[in-house]
Amino acid sequence: MNRKDDFGELWDALPEDVREELLKAAEESTAQSVEEFISEIFVGECPKCGSKATKDCEEATGIEDMTVGLCENCGYLWCTECGRSVEKGKTCEHWAVCEKCTEEKDEYGDCGLATWECEKVSVFEEAESDEPLHECAWCGGQIEREVGIFAVGAKARKGMKLKEYEGSILEMGLVHSEKTVPAIIPTQDSEAKRSGSDIIFLVCSRECGDLLKKALRKEKFTLV
């Protein structure tokens, strides 16, 4: 049973006045439909950058899987069922674990335990740890969860082939600054890509952002 099936059962069990309040909240939110509102609840924030600009990938080209979450900010893909990162075009590895599990299952292969509650497959506790989200692309300092993240976007230079790295982090060399910095390559479906950014650099402050921008201009990158 997936999360939306679970939600359906919970929804039917709620008192009518509670359901009306939730529907009212959905109408007042940025969600355009109840389905989108439900999706917003189950997808949640991006485990990588903390952005709330996320959605499921049921209609994402090349993925078509509503159990995969997509961050429209950094392009990160993850399984909303268990919390693992997912590569574009591949299924989450937790499905293989479930297939080998010896727990008694029904005719549909369902053991009755929600994936995110199963200790054998869920990694949500790891995703919610206090570990830093990223290191600053300029100073290398740790960007903690409680600190705001600043982003610097840039267009790829002519000849750069980044398609195979979408949704991942690359170590990019800056020759003039004699530095190697972590760069996020957003997916085609991400908000960053639609805004014109082929590469995203996360920094811990505006000061580091300004220094990184100067360095990128020396490398002939076009900033977004």
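A search of the whole structure finds one aromatic pair (ring centres of Phe, Tyr or Trp, the latter by its six-membered ring, within 6.5 Å). Select Tyr76 and Trp78: their rings are stacked, 6.0 Å centre to centre with 15 degrees between the planes (stacked is under 30 degrees, edge-to-face over 60, tilted the rest). Tyr76 counts as buried at 14% relative accessibility, and Trp78 is buried at 1% (buried is under 20% relative accessible area, exposed over 50%, partly exposed in between, with a 1.4 Å probe and protein chains only).

This is a predicted model, in which local features need pLDDT of at least 70 and side-chain atom pairs pLDDT 80 or more, while totals for chains, interfaces and linings use all residues. Residues are numbered from 1 along each chain as its sequence is written, and side-chain values use heavy atoms, without hydrogens and water.

Next, select helix α7, residues 206-218 (a DSSP run of H or I, at least four residues; strands are runs of E, at least two). Its 13 residues should span 18 Å at 1.5 Å a residue, and the end C-alpha atoms are 19 Å apart, which agrees (the expected span is 1.5 Å times one less than the number of residues).

Colour Cys208, Gly209, Leu212, Ala215 and Leu216, which are buried. Seen down the axis, the buried residues of α7 fall within an arc of 125 degrees, so they line one face (the arc is that of directions from the helix axis to the C-beta atoms). They pack against β6, β7, β9 and β10 (contact is heavy atoms within 4.5 Å). Turned away from that side are the exposed Arg206, Glu207, Lys214 and Lys218.

Finally, show Arg157, whose charged end sits over the ring of Phe221, 4.5 Å from its centre (NZ of Lys or CZ of Arg within 6 Å of the ring centre and within 35 degrees of the ring normal). Lys179 lies over the face of Trp138, 4.6 Å from the ring centre.
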